[in-house]
Amino acid sequence: RRSRPGRYQTARCRHVDPAPQRTERALGYPQVAAGALSQLFHDGVMVPAETLKQRMQLGYYRSFGHGLRRILANGGASLYRSFPVTYLAGAPYAMIMMASNESLRLALRRRGGADG
């Protein structure tokens, strides 16, 4: 899940002023929204990859390319069939993790601990 921190920082910079005095008051919505957005991008890549991987393990396709061509020839919708369930299962975790991470980072910064 390496895509989360990069997407999170991009979304965070758009919604939260980098000045520490304003950032501390802005905790909440921006961090939660950034977590949901990062999960959306993550699942948008991982769901089709998982679908292909599982079908290859079951022996439906000879290779990744063969499987992708066959699925796309049939419309490609099956690549994202499990997306809603996967996203709804992962989004709450991502939202809480991002907000918690930011809260802890700011708390440590106030104590003179970690650098953001």
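Me: Why does Phe41 count as partly exposed?
Reply: Its relative accessibility is 38%. Buried means under 20% relative accessible area and exposed means over 50%, partly exposed being in between (1.4 Å probe, protein chains only). The value for Phe41 falls in between, so Phe41 counts as partly exposed. The model is predicted: local features need pLDDT of at least 70, side-chain atom pairs count only at pLDDT 80 or more, and totals for chains, interfaces and linings use all residues. Residues are numbered from 1 along each chain as its sequence is written, and side-chain values use heavy atoms, with hydrogens and water left out.

Me: What makes Leu37, Leu40 and Phe41 a patch on the surface?
Reply: These residues form a nonpolar patch with about 240 Å² of accessible area together, an area that comes from the Shrake-Rupley method with a 1.4 Å probe, only the protein chains shown counting as cover for residues. Patch residues must have over 30% relative accessible area and no salt bridge; nonpolar side chains (Val, Leu, Ile, Met, Phe, Trp, Tyr) are joined within 5 Å, like charges within 9 Å. Phe41, at 38%, therefore meets the accessibility requirement of over 30%.

Me: In which helix does Phe41 lie?
Reply: Phe41 lies in helix H3, residues 29-57. Helices are DSSP runs (H or I, at least four residues), as are strands (E, at least two), numbered from the N terminus. The protein chain has 5 helices and 0 strands.

Me: Is Ser38 buried or exposed?
Reply: Ser38, also a residue of helix H3, has a relative accessible area of 0% and is therefore buried. Its C-alpha atom is separated by 9.5 Å from that of Met98, 60 residues apart along the chain. Over the 116 residues of the protein chain, 31% count as buried.

Me: What makes H3 roughly perpendicular to H4?
Reply: H3 and helix H4 (residues 64-73) pack at an angle of about 110°, and their axes are 10 Å apart. Because 65 to 115 degrees counts as roughly perpendicular, under 35 as roughly parallel, over 145 as roughly antiparallel and the rest as oblique, H3 is roughly perpendicular to H4. Axes are lines fitted to C-alpha atoms, for helices over the stretch in contact, and angles run from 0 to 180 degrees between N-to-C directions.

Me: What makes Arg105 and Glu102 a salt bridge?
Reply: Their closest N and O atoms are 2.5 Å apart, which meets the limit for a salt bridge. Arg105 and Glu102 are 3 residues apart in helix H5 (residues 83-110), and both are buried. The structure holds 2 salt bridges.

Note on methods:
A salt bridge is a side-chain nitrogen of Lys or Arg within 4 Å of a carboxyl oxygen of Asp or Glu.
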